[in-house]
Amino acid sequence: MNLIKLRQQVKRLVARQIAINSPVFAHVSFDGSAGNSFDGSTIAGDNIKSVTRTGEGIFKVEFTTAHSTGNYTAVASAGKGNHTSSGRSVSVDEYTTTHVTLRVERTDTGSQQDEEYIALVVLGK
């Protein structure tokens, strides 16, 4: 085996070990500002089967591989740019072994908002 192939194998093994020990079960970021035209496209993600807009400011995020227990922590944020006069709040409406449903709202009016940048990280394996 030559040195280049050995280095490649070591890199793959290290990456696999990091993934095994990582507390991140899934993550995704997406642009939800297209409203009814939202096509489920993501900016980045891992272990994400799909993102579906089910209503204004409401997004169902499905996992590729189901969580074994459903006991996990979902952390989400929304907003791109300066929202000092009307921040964004993200609530978890529902979480199961197969998906998380997020609700994005304006903090000044409480109205649901299709936001340009929405991110979710699911912790716990």
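Helices (H or I, at least four residues) and strands (E, at least two) are DSSP runs, numbered from the N terminus. I note that this is a predicted model, in which local features need pLDDT of at least 70 and side-chain atom pairs count only at pLDDT 80 or more, while totals for chains, interfaces and linings use all residues. Residues are numbered from 1 along each chain as its sequence is written, and side-chain values use heavy atoms, with hydrogens and water left out.

I next looked up the sheet. Four strands form an open sheet in the order E2-E1-E8-E5, with antiparallel pairing; strands pair if DSSP finds at least two bridges between them. Strand E2 (44-46) and E5 are the edge strands, each pairing on one side only. I located the partner of E5: it pairs with strand E8 (residues 118-123) in the antiparallel sense over six bridges. Within E8, Val121 is the bridge partner of Val75.

I then turned to Ser77, which lies in strand E5 (residues 73-78). Leaving aside residues up to four places away in sequence, Ser77 touches Val90, Tyr117, Ile118 and Ala119, a contact being heavy atoms within 4.5 Å.

Finally, I recorded that 30% of the 125 residues of the chain count as buried.

Definitions and conventions
Buried < 20%, exposed > 50% of the residue type's maximum accessible area, 1.4 Å probe, protein only.
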